Amino acid sequence: MDNLVQRSLASLTEVRARLIAAEVQPEEFAEFVPERRKFLITRAARMRPVGQVWRLGTLLLRADDPAPGEPVLYAAGTVTRAAERGRPNNTSVSREERREIAAAALRGGYPAGTSVNYDAVALPLTEDGIAEFAADASLPVGIADGELRVRWRAGAALTGAPTLAAYLSERLEFLVHPPQGA
């Protein structure tokens, strides 16, 4: 397992260096802080900035230097664009919730139109961390044949899934050399 941790960290370090060298712009990464009441004052929901990430398909890779002990790899959660809330227009409840989340990003200090990733699940690359998240089929990463493998979607079988290194290499090529018209 120790060798698996070292190989995974080496792959992530190489991809991070290549993304920096290619000047690929990262996206914002935040924590959603829901609306709360303190005494008689209601504080609106907002996004608390955490850092920046590169979206690599179903994974997020930290672009900034996280504090010691913080993960550098996350299972992608949800993304929104910071925007004004506007007036309710009696559309669906889910649409109103999305508008409130976009406004929370704006209240978190992000300029309008900025993409903000949130609700990501940390994937700690330690022996204990890998053993814990690899057993969870709801995450896009698992262990098969002694390798850390990446599912294309949560819950899919690991049979035929690419190794972490192969997956990162492919996603890196899409970011560095996007297909024509993308």
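Buried means under 20% relative accessible area, exposed over 50% and partly exposed in between, with a 1.4 Å probe and protein chains only. The model is predicted: local features need pLDDT of at least 70 and side-chain atom pairs count only at pLDDT 80 or more, while totals for chains, interfaces and linings use all residues. Residues are numbered from 1 along each chain as its sequence is written, and side-chain values use heavy atoms, with hydrogens and water left out.

**View 1. Helix H2 and what covers its buried residues.** Helices (H or I, at least four residues) and strands (E, at least two) are DSSP runs, numbered from the N terminus. H2 covers residues 93-107 and has 15 residues; it reaches 21 Å from its first C-alpha to its last, close to the 21 Å expected at 1.5 Å a residue (1.5 Å times one less than the number of residues). Its buried residues are Glu96, Arg99, Ala102, Ala103, Ala104 and Ala105. Strands S1 (27-33), S4, S7 (78-81) and S8 (115-118) are among the elements that cover them, by contact, meaning heavy atoms within 4.5 Å.

**View 2. The open sheet of seven strands.** The strand order is S7-S8-S1-S4-S5-S6-S9, with mixed pairing; two strands pair if DSSP finds at least two bridges between them. S7 and S9 (121-122) are the edge strands, each pairing on one side only. S5 and S6 run antiparallel and are joined by three bridges. Leu61 stands opposite Leu73 in S6. H1 packs on the sheet, where it touches S4, S5 and S6, and its direction makes about 75° with that of S5. H4 lies across S4 and S5, at about 95° to S4. For these angles, axes are lines fitted to C-alpha atoms, for helices over the stretch in contact, and angles run from 0 to 180 degrees between N-to-C directions.

**View 3. The largest nonpolar core.** A nonpolar core is a set of buried Ala, Val, Leu, Ile, Met, Phe, Trp, Tyr and Cys residues joined through side-chain atoms within 4.5 Å. Elements giving two or more residues include H1 (2-21), H3 (127-134) and H4 (164-176). H1 gives the largest share, five residues.

**View 4. Leu148 in strand S11.** Leu148 counts as buried because its relative accessibility is 1%. Leu148 and Arg7 are 141 residues apart in sequence and 9.4 Å apart in space, C-alpha to C-alpha.
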